[in-house]
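Here is a short briefing to read alongside the model. Please keep the viewer open as you go through the points.

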Amino acid sequence: MTRTGVAVSHPCGALEGTTQAPGDKSVSHRALMLAGVAVGETRIEGLLEGEDVLATAAALRALGVEVERTGAGRWCVHGRGVGGLAEPEDVLDMGNSGTAARLLLGLLATHPLTATLTGDASLRSRPMRRVSEPLSRFGAAFHGRADGRLPLTVVGTGSAVPVRYELPVASAQVKSAVLLAGLNTPGETVVVEPSPTRDHTERMLRHFGACVQQEDGGLVRLTGEPELVARAISVPGDVSSAAFPLAAAAILEGSRVTVSGVGLNPGRIGFIETLREMGAGLVIANERAEGGEPVGDLTVTWSPLTAVDVPPERVPSMIDEFPVLAAVAAFAEGTTRMSGLAELRVKESDRLGAMAAGLAACGVKVRESADTLEVEGGQPKGGVEIASRLDHRIAMAFMVLGMGARDAVRIDDIAPVATSFPGFVESMNGLGAAIEA
Ligand code: S3P
């Protein structure tokens with residue numbers, strides 16, 4: 001159920017039980033998009049039915065792809081083949097989703113069509129040159145606002161030339177946009193990443209039959225113009241969503257919580273590593289592979305937490321988990337230091353600024369610089385209202401903080417939570433939280 005408006009997260013006792021995280025957001029976007037350019041019928045199960053992914057589904061329909069919901073989390077996509085997308089009749093609204101916008105711009109850049117993308121106030125403020133710049137090298141043109149942000153029109157090319165692109169920032173979204181543009185391009189598209197980021201696109205491209213090679217030195221090679229063949233996809237649970245109940249169990253004395261069926265892509269597990277280093281009892285069971293992605297059941301058993309230094313090289317593997325890590329750090333003994341966080345400033349909100357301000361309002365000592373955050377642990381006072389800033393993860397991080405604070409934490413608007421974790425409040429309350437929404 002989608003909740004809107006204010007929420008109050010009251011202090012509560014130990015959490016107990018087993019839950020499931022909603023489908024992985026990154027994998028869900030990619031499943032729909034690749035199914036849309038594959039030949040035949042792709043059946044997807046476990047798809048995240050959050051607003052971000054629904055925006056991708058709607059955009060694909062507008063591009064001529066048949067996308068049908070056949071049951072809870074079950075979707076069926078009739079693809080149009082590589083290069084087969086049709087020009088949309090209207091502006092494509094990507095809502096709050098940076099992944100949807102950037103990956104779709106990649107696909108569209110090498111189709112001979114014109115499309116305009118927009119989004120909500122958060123998405124319209126996020127940088128898009130990071131994708132339009134490499135995508136222009138394929139031959140696409142981009143017209144938009146002076147600062148390159150959405151609304152943005154892409155005039156795709158029907159005669160793309162392959163590109164070799166060295167990413168200036170470690171971004172799976174930019175890497176994926178370039179690889180998706182490389183699909184309808186003859187020859188070999190090469191991306192070089194400065195440090196490893198999630199490789200869902202590479203794995204799924206291979207699942208659909210493309211030739212993608214990952215080499216030492218962060219080099220990814222895609223052979224263009226493959227015939228992608230429709231294949232069944234099972235979407236694992238989202239580790240970035242699982243992070244919230246696991247974090248809550250880590251801070252609430254006596255807790256024991258299991259989240260089953262969580263995706264454990266090596267490019268996504270930095271938070272698990274960090275929780276372990278802080279002293280949380282964390283066990284991974286039932287490890288298996290599903291649809292080319294590693295999956296397992298995660299259990300956190302409460303144990304006292306100590307502060308850690310999170311190394312900058314770990315940042316890409318937990319890029320979305322810093323809001324909840326900062327909340328956890330507020331309960332650990334000592335000062336947790338996080339560095340290399342510049343990218344957090346350009347997420348759904350300025351997450352570094354949002355966490356520093358929100359934690360300080362809750363009575364936590366914090367120090368913030370352009371790309372670092374230090375959080376002194378103790379027992380947060382709470383008793384304040386936090387602005388979620390159109391950012392689902394800021395809203396959820398402060399609901400987790402409220403569970404362990406002295407006084408309740410109010411969130412001004414939890415509607416953004418529906419982008420990635422529909423049913424968050426019900427799921428947390430089912431484990432013993434006391435969130436009023
Ligand atoms: C994503 C990559 C990350 C992450 C985002 C989803 C993806 O962004 O923050 O929520 O699905 O590729 P960057 O790769 O731009 O850091």
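The notes below move from the overall fold to a sheet, a helix, the aromatic rings and the cysteines.

This is a predicted model, in which local features need pLDDT of at least 70 and side-chain atom pairs count only at pLDDT 80 or more, while totals for chains, interfaces and linings use all residues. Residues are numbered from 1 along each chain as its sequence is written, and side-chain values use heavy atoms, with hydrogens and water left out.

**Overall fold**

- The chain holds 13 helices and 24 strands, where helices (H or I, at least four residues) and strands (E, at least two) are DSSP runs numbered from the N terminus.
- The chain is as compact as a globular protein of its length, because its radius of gyration is 21 Å, close to the 22 Å from the globule rule for 437 residues. That radius is taken over C-alpha atoms, and the rule is 2.2 Å times the number of residues to the power 0.38.
- The C-alpha trace spans about 60 × 45 × 45 Å along its principal axes.
- Of the 437 residues, 59% are buried; buried means under 20% relative accessible area, exposed over 50%, and partly exposed in between (1.4 Å probe, protein chains only).
- Among contacts (heavy atoms within 4.5 Å) with a separation of 6 or more, 75% join residues 24 or more positions apart.

**A four-stranded sheet**

- An open, mixed sheet is built from four strands in the order β6-β7-β9-β8; two strands pair if DSSP finds at least two bridges between them.
- At the edges lie β6 (92-93) and β8 (141-144), each of which pairs on one side only.
- Strands β7 (residues 114-118) and β9 (residues 152-155) are antiparallel, with four bridges between them.
- Within β9, Val154 is the bridge partner of Ala115, and Val155 is that of Thr114.
- β8 and β9 also run antiparallel and are joined by four bridges; here Phe142 has Val154 as its bridge partner in β9.

**Helix α7**

- Helix α7 (residues 200-207) is largely enclosed by the rest of the structure, because six of its eight residues are buried.
- Those buried residues are His200, Thr201, Glu202, Met204, Leu205 and His207.
- Their cover includes α1 (25-36), α6 (172-183), β12 (212-215), β13 (219-223), β14 (233-234) and β17 (293-301).
- Just after α7, Gly209 has a positive phi of about 105°.

**Aromatic rings**

- There are two aromatic pairs, counting rings of Phe, Tyr and Trp (its six-membered ring) with centres within 6.5 Å; planes under 30 degrees apart are stacked, over 60 edge-to-face, and the rest tilted.
- Ring pairs link Phe244, Phe421 and Phe424 into a cluster. Phe244 and Phe424 are both buried, and Phe421 is buried too.

**Cysteines**

- The whole structure has zero disulfides, a disulfide being a pair of cysteine sulfur atoms within 2.5 Å.
- The sulfur of Cys12 is too far away for a bond, because the closest cysteine sulfur, in Cys362, is 15 Å from it.
- Cys12 is buried at a relative accessible area of 18%, and Cys76 is buried at 2%.
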